[in-house]
Amino acid sequence: MPDLNMQILIVDDMSTMRRIIKNALRQLGFSKLEEAEDGQVGLDKVKEGGIDLVISDWNMPNLDGLGMLKSIREDAAFRELPVLMVTAQASQKCVLEAIRAGATNYIVKPFTADALKEKIEKIFPN
Ligand SMILES: [Mg+2]
């Protein structure tokens, strides 16, 4: 299991979805959880530093998940920062676009805490 002390940033414009993801992460033992309501706020929080993993929604106002991901990757300091994209559907186009933009992995909504655990373990193998 990855380091339970890692700082995880949850980016989603729906507070309900942020709460669901937060609860799943707490269930898995993670406790250092931060939230952002859109990609711009998420990007600002990433740039402040200290984030070990970003879990981000795709469709959001101001700056969407893909735009945020691209901006994160443009910054050399965050080229390796793990970003798990949450997609509404596993469309080939979305997945390819996310991988091309530098997503570390992706997960399709709705998902269980176990599915989330599997993805995080893939990102942080040990
Ligand atoms: Mg959304």
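This report describes the fold, sheet, strands and core of a predicted model.

## Basis

Residue numbers start from 1 along each chain, in the order in which the sequence is written. Because the model is predicted, local features need pLDDT of at least 70 and side-chain atom pairs count only at pLDDT 80 or more, while totals for chains, interfaces and linings use all residues.

## Overall fold

The protein chain contains five helices and five strands; helices (H or I, at least four residues) and strands (E, at least two) are DSSP runs, numbered from the N terminus. Their order along the sequence is β-α-β-α-β-α-β-α-β-α. The radius of gyration, taken over C-alpha atoms, is 13 Å, close to the 14 Å that the globule rule gives for 126 residues, so the protein chain is as compact as a globular protein of that length. The globule rule is 2.2 Å times the number of residues to the power 0.38.

The C-alpha trace spans about 30 × 30 × 30 Å along its principal axes. Of the 126 residues, 29% are buried. A residue is buried if 20 or more other C-beta atoms lie within 10 Å of its own, exposed if 12 or fewer, and partly exposed in between, with C-beta atoms placed from the backbone. Among contacts between residues at least 6 apart in sequence, 59% join residues at least 24 apart; a contact requires C-beta atoms, placed from the backbone, to lie within 7 Å.

## The sheet

The five strands make an open sheet with parallel pairing, in the order β2-β1-β3-β4-β5. Two strands pair if DSSP finds at least two bridges between them. The edges are β2 (33–36) and β5 (105–108), each with a single partner strand, so one side of each has no neighbour in the sheet. From one strand to the next the twist averages 20 degrees.

Helix α1 (residues 15–27) lies across β1 (8–11), β2 and β3, at about 155 degrees to β1. Helix α5 (residues 113–123) lies across β4 and β5, at about 175 degrees to β5.

## Strand β1 and its partners

β1 is covered on both faces: I8 and I10 on one side, and L9 and V11 on the other, are all buried. In a regular strand the side chains alternate between the two faces of the sheet. β1 pairs with β2 in the parallel sense over four bridges, and I8 stands opposite L33 in β2. The chain passes from β1 through α1 to β2 in a right-handed β-α-β crossover; right-handed means that, with the strands pointing away from the viewer, the path from the first strand over the helix to the second runs clockwise.

β1 also pairs with β3 in the parallel sense, over four bridges. Here I10 stands opposite I55 and V11 opposite S56.

## Strand β3 and its link to β4

Five of the five residues in β3 are buried. L53, I55 and D57 lie on one side, with V54 and S56 on the other. Strand β3 (residues 53–57) pairs with strand β4 (residues 83–87) in the parallel sense over four bridges. I55 stands opposite L84 in β4, and D57 stands opposite V86. Together, β3, α3 and β4 form a right-handed β-α-β unit.

## Core and selected residues

The largest nonpolar core has 25 residues, and those with the most contacts inside it are I8, L9, V54, I55, L69, V83 and M85. Such a core is a set of buried Ala, Val, Leu, Ile, Met, Phe, Trp, Tyr and Cys residues joined through C-beta atoms within 7 Å. β1, α1, α2 (39–48), β3, α3 (65–74) and β4 each supply at least two residues of this core. Not counting residues up to four places away in sequence, L9 touches E34, A36, G42, K45, V46, I51 and V54.

I51 is in the loop between α2 and β3 and counts as buried because 21 C-beta neighbours lie inside 10 Å. Beyond four places in sequence, I51 touches Q7, L9, K45, V46 and L81. E34, in strand β2, is partly exposed, with 17 other C-beta atoms within 10 Å. Leaving aside neighbours within four places in sequence, E34 is in contact with Q7, L9, I10 and K45. E34 and V54 are 20 residues apart in sequence and 9.4 Å apart in space, C-alpha to C-alpha.

Key. Axes are lines fitted to C-alpha atoms, for helices over the stretch in contact, and angles run from 0 to 180 degrees between N-to-C directions. Two residues are in contact if their C-beta atoms, placed from the backbone, lie within 7 Å.
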